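Good morning. I will take a few minutes to go through one structure, and I will go from the overall picture to the details.

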Amino acid sequence: MKAILCENFGGPKQLVLQEIPSPLIKDDQVLIAIKACGVNFPDNLIIQGKYQFKPELPFSPGGEVAGEIVSIGKNVTYLKKGMRVLALCGWGGFAEEVAVDANRVLPIPDQMNMINAAGTLYNYGTSYYALKQKAAIKPGETVLVLGAAGGVGLAAVELAKKMGAIVIACASTNEKLEICKSKGADFTINYLQEDLKKSVQEITNKKGVDIVYDPVGGTYAEPALRSMAWNGRYLVVGFASGTIPELPFNLALLKGCSIIGVFWGAFAEREQKENQKNLGELVNLLLSSQLKQHHHKIYSLENAAEALQDLLDRKVIGKAIIKIGEWVEKTIEPIPIEASPISDLKETASSTIPVVFKNKSELKNHIGQNLGTTTWLKITQERIQQFADATLDFQWVHLDTEKAKTFLPGGKTIAHGYLTMSLASQFFYQLISIENINSFVNYGINKARFISPVQVDSEIRMTASITQVEELPNGSTKLFLNCSIEIKGQEKPAYVAEIISMIF
Ligand SMILES: NC(=O)c1ccc[n+]([C@@H]2O[C@H](COP(=O)([O-])OP(=O)(O)OC[C@H]3O[C@@H](n4cnc5c(N)ncnc54)[C@H](OP(=O)(O)O)[C@@H]3O)[C@@H](O)[C@H]2O)c1
């Protein structure tokens, strides 16, 4: 396979394109054929040997990939060959293939394209966590974003606006500030040309800002801290300027403000359920086009070093992406969802990020809790035909579209009830993943009720919750899930049942 290799620690210019063997996978890993890789700030640190992780030389940079699974390790249960996935792999992404631990891999919703999948979660995940969990942002508050046209900065501008804040974006060029405005910034400050503190005082009528989002550090940190309102929150996100600021502590006292560290990677590791909730909410907003990442440029693998150099030279606005190989993105229609503030979406978010359980016993703590809702799946005539071919059930109500026009309500064929039922397993894998187990079998269905017929071309999705976890004398565990498959636009569900699974 082709890969961009870092053979000696240094800048982007020392990277070389090489033909190397495909990576071998371990039992807990999958091999991904990469279609696209997001370019992130740490990629430049990692090739210089300045990052918290120092891979063995030679290695490929690139920590955020999207592609298709081409092989799976024997301990991997819920991921399958051919699945479209994204992964936060740390490094190895500027290549045609990468081996990744299964627990770092997430399925890509059908409606999300590969380029978006490769460049979204890192930036939005960080900024959403910073604003939601760390700053506890409230509508009407004022947020000052430094480095606002960078990867995490632009995501913060867009999210803060969506969360009802007044956004002041700061960047080094007017071109960058124009993009910030298009993403919702109410005010802009060119911090190379204007006095940061004075401009904030003017914009806020001397009140100051409630939240500072700082991924830059360096010389802007002190004027930003001095621009804070009473009870403000200063979010320490990163040090893109290369300088960790040393600030006078008395400012925090005088302002009554909090200085808060943001470390999304650690949050994702330590507070997995909260992070999954965040990701589900973000996926929902992205799929409905309420958030839309700005792509600076799509580079080829051959030009990957140029992408890293552009990032170092502060040329990149939003996100740079490396597209690997020649392929065409299929056109995907956004899911129509009425625009609504983020806070309203929390309970209804449909997510394809499975809830991950580290072991069987964690399941018990989730009894009675919702696992979430899958994305919508369209029931096409082709799918119905395939089911008929597999089951030899060729009744005309399912297959004869002409006769259906005359004799069936709505003039449409209907899916076999058992087709809807069988899709519960497919939906199931979107919602739940259990690690450190030997095997997992979807064992049976209890209390199944077919309530409304599913007409061709309608969309269905499943919501599920854990109702019971039963440990058996032979060491296996029986898991009971309540599931309900709904039809878009209809009050009554298509199908409800209890799914029983055996875990060994
Ligand atoms: N805490 C976390 O969990 C977390 C997560 C993700 C990223 N980060 C950190 O956040 C920082 C920004 O990441 P990013 O992905 O947004 O990077 P980015 O896309 O390169 O954006 C950084 C922005 O910083 C500004 N900047 C000022 N001085 C700079 C310099 N000397 N070199 C480069 N940029 C400079 C640039 O904007 P102007 O030209 O407009 O000034 C640039 O747009 C990094 O330190 C990264 O490690 C932290």
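What follows is a walk through the chain, its domains, its ligand shell and some of its strands.

Please keep in mind that this is a predicted model.

I start with the overall picture. The secondary structure of the chain comes to 17 helices and 23 strands. Along its principal axes, the C-alpha trace spans about 75 × 55 × 55 Å. How does the radius of gyration agree with that of a compact globule, and what value does the chain have? For 504 residues, a compact globule would come out near 23 Å, and the chain has 25 Å, which agrees.

Next, the domains. The domain assignment gives domain 1, made of 2-120 + 292-323, then domain 2, at 123-261, and domain 3, at 354-503. The centres of domain 1 and domain 2, taken over C-alpha atoms, are separated by 29 Å. Where the two meet, eight residues of domain 1 are in contact with eleven residues of domain 2. On the domain 1 side of that contact, the residues divide into two nonpolar, four polar and two charged.

Now the ligand. How many residues surround the ligand? There are 28, and the closest are Gly-147, Gly-150, Gly-151, Ala-171 and Gly-238. By class, this shell has 15 nonpolar, eleven polar and two charged residues. Domain 1 and domain 2 each give at least three residues to the shell. Turning to the helices, helix 1 (41-47), helix 4 (151-162) and helix 9 (264-270) each supply at least two residues. Which helix gives the most? That is helix 4, with three residues.

Strand 3 (residues 29-39) and strand 4 (residues 64-72) run antiparallel and are joined by eight bridges. Here, the bridge partner of Leu-31 is Ser-71 in strand 4. Strand 4 also pairs with strand 5 (residues 84-88), in the antiparallel sense and over five bridges. In that pairing, Gly-67 stands opposite Val-85 in strand 5. A general point for those new to strands: in a regular strand, the side chains alternate between the two faces of the sheet.

Is the peptide bond from Leu-57 to Pro-58 cis or trans? The bond is cis, with omega near -10°. Pro-58 is found in the loop between helix 1 and strand 4. The second detail is Lys-206, in the loop between helix 6 (196-203) and strand 11. Phi of Lys-206 is near 70°, a positive value in a residue other than glycine.

That is the end of the walk through the model. Thank you.

Note on methods: Residues are numbered from 1 along each chain as its sequence is written. This is a predicted model: local features need pLDDT of at least 70, side-chain atom pairs count only at pLDDT 80 or more; totals for chains, interfaces and linings use all residues. A residue is near a molecule or strand if its C-beta atom, placed from the backbone, lies within 6 Å of it. Helices (H or I, at least four residues) and strands (E, at least two) are DSSP runs, numbered from the N terminus. Ala, Val, Leu, Ile, Met, Phe, Trp, Tyr, Cys and Pro count as nonpolar, Asp, Glu, Lys and Arg as charged, and the others, Gly among them, as polar. Domain bounds come from an automatic or database domain assignment. Two residues are in contact if their C-beta atoms, placed from the backbone, lie within 7 Å. The radius of gyration is taken over C-alpha atoms; the globule rule is 2.2 Å times the number of residues to the power 0.38. Two strands pair if DSSP finds at least two bridges between them.
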